[in-house]
Amino acid sequence: MTTDVQLSSLYQHLILDHYRKPRNKGELQEATADVHMRNPTCGDEIRLQLQVEDGVISDVRFQGEGCSISQAAASMMTALVKGAPVADALGIASRFTAMMHGDPEAAGDRTLKDLRALAGVARFPVRVKCALLGFDALQEAVKQAAGPDTGT
Amino acid sequence: MGNPDRVDALASTAISSPASGQVANPRPDPVPPLDPVPPLDVERLRKDFPALHQEVNGHPLVYLDNAATSQKPVQVLDAIRGYYEADNANVHRGIHELSRRATEAYEGARQRVARFLGVEDPAEVIWTRGTTEGINLVAASWGSANLGPGDEILLSDMEHHSNLVPWQLIARRTGAALRFLDVTDQGTLRLEQVDEILAGGRVRLAALTQVSNALGTLNPIREIADRVHAAGALLLVDGAQGAAHAPVDVHALGADFYAFSGHKLCGPTGIGVLWGRRELLEAMPPYMGGGEMISLVERDMSTWAPLPHTFEAGTPNIAGAIGMAAAVDYLEGVGPAAILAHEQSLVAYALAQLRELPGIRLFGPEEASDRAGVVSFLLGDAHPHDISTILDAEGVAIRAGHHCTQLLMRRYGVAATARASFYLYNTREEVDRLVRSLETVRTLFA
Ligand SMILES: Cc1ncc(COP(=O)(O)O)c(C=O)c1O
């Protein structure tokens, strides 16, 4: 059952702030990876670009269209992975995914920073995919940045 | 004939005074009843729909997603259950008693739906899985036999993907081209383009929706049909919303093909009907091959069973057909004209309140009498998905998204809208609940 408290935790200030003033929104002229992801059921879209140098995400930009959850999550994600080693970024992705699936330990992980504001999304199962869209794009982009599969 | 000034006239009326939009308007089709219809006894009707009586997230359910699918009355549920409990057998195959009864119920259902459509010959009524399959059937079968390079199919920007993608597929296969009627700011078809496009002499078929699922617009199908026929082309009507929300008589509409779904008109999912004029259907090649649709089978070739079986390969959805017949029985018992009038009074009631909400953007015709029970809107910078989540938390079910009409969304420069859609069992109190929940949206997105 959804309560008003859960609703206001879903739409708290920090989330609406990222929705209205997204961080790292725009386009990179040069990018190691350029990924376009779309949620066909709801139409949410994200284009994510990464510049990866020596295993570090030196720059990141996203563009997108969609609900406050998908766009805020993408904005928070970019703020966190910018300047981070790829391995750390993937670690954030997996902890955030765990949080979306209701893992209380992940929800308490301070390294998730602003993303923790999204913990309430776990109570809205149909919206979890919105929150994960940016991270799906991140994982795809990291693969792309790593170059073609060497077949090992 | 189309009045080219109409759009501008409407637009300027809208700016000066939304309430006085009585300009020379081509009558939406089907013609709203001239005699006032008695109001529905909604409280009594609601008792027939078990799914309406539940709590969602601690609030009594307000179901306003009827354009997606309707709830089902006990009369329909009982018909399906009764068939499975007493008469279940395959049709047209057995000599035994149950098979006889199942066949009788199945063919009886066909006759029932034929009457619902104003059709005399039940063999023109073909069971499908729904509107989508009916349109695909015509596109693939009629299209492969009748379309070639240089030919055109006339569609519009308000078509559901079901009445767009099948034509894209057959156009690619045959070399035919697609032409589109624009949609005005008021959510109506730009009728003057009908003549312009038909004047090219290349249109073989027009495929248009009777009622827009995204805007509610009632299209002047009869008027378009006359022009299409004068140009020697055919008209397929997408009746997915029309059959559910407006009185239907396929001959009065001027349709050559009419496709609709059971689930939108209080019937079960997985069943629908394609109606077509006999001489057109008889000239069309089969769509799918298999049992039921053959007459004589040899190693290399077979001959086809007569209509309607030519287009009904395989064991059909017998229970679905029986449920759909029970649904049209139910609707006719209530009265399609009265249902439309009820929906329009809810739309008028809703629009009056929604127009007062700061930040609201409404889509579709100004006047409730120009639409069926659909209200599409945006509110401030709240994304429709967010609106829908907030409403759901208060027990109000609406639809958010592109409504399978991406061309229309693009036309209005939006990715999605929120849509409330009404049916015979909805009430003014439910509209009030919708508006109150939209106040919650405004508070949360303040
Ligand atoms: C106007 C319109 N056309 C076609 C369809 C497709 O109907 P179905 O999904 O039942 O085949 C729908 C409903 O989804 C509709 O609203």
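## Ligand site on chain B and the A–B interface

In this predicted model, the ligand is surrounded by 13 residues, the closest of which are B:T132, B:D238, B:S261, B:H263 and B:K264. By class, the shell around the ligand consists of 10 polar residues, two charged residues and one nonpolar residue.

| Side chain | Ligand atom | Distance |
|---|---|---|
| B:H160, polar atom | oxygen | 3.1 Å |
| B:D238, N or O atom | nitrogen | 2.5 Å |
| B:H263, polar atom | oxygen | 2.7 Å |

Taken on its own, the ligand has 390 Å² of accessible area, and the protein covers 85% of that area.

The second topic is the interface between the two chains. Here 17 residues of chain B are in contact with 20 residues of chain A, and the area buried between the chains is about 1,500 Å², with carbon and sulfur atoms giving 54% of it. Two salt bridges are counted between chain A and chain B; one of them joins the side chains of A:R127 and B:D386, with an N to O distance of 2.9 Å. Across the interface of chain A and chain B, eight residue pairs are found in polar contact, with both residues at pLDDT 80 or more. On the side of chain A that touches chain B, the elements that contribute two or more residues are helix 1 (4-10), helix 2 (13-20) and helix 3 (68-81) of chain A, and this side of chain A is made up of 11 nonpolar, four polar and five charged residues.

Conventions: Residues numbered from 1 in each chain as written. Chains lettered and ligands numbered in written order. Predicted model: local features only at pLDDT ≥ 70, side-chain atom pairs only at ≥ 80, totals over all residues. Heavy atoms only, no water. Near = heavy atom within 4 Å. Polar contact = N/O pair within 3.5 Å; in protein donor to acceptor, adjacent residues only side chain to side chain. Areas by Shrake-Rupley, 256 points an atom, 1.4 Å probe, with all protein chains shown as cover. Nonpolar A, V, L, I, M, F, W, Y, C, P; charged D, E, K, R; others polar. Contact = heavy atoms within 4.5 Å. Buried area = accessible area lost by both parts, 1.4 Å probe. Salt bridge = Lys/Arg side-chain N within 4 Å of Asp/Glu carboxyl O. Helix = DSSP H or I, 4+ residues; strand = E, 2+ residues; numbered from the N terminus.
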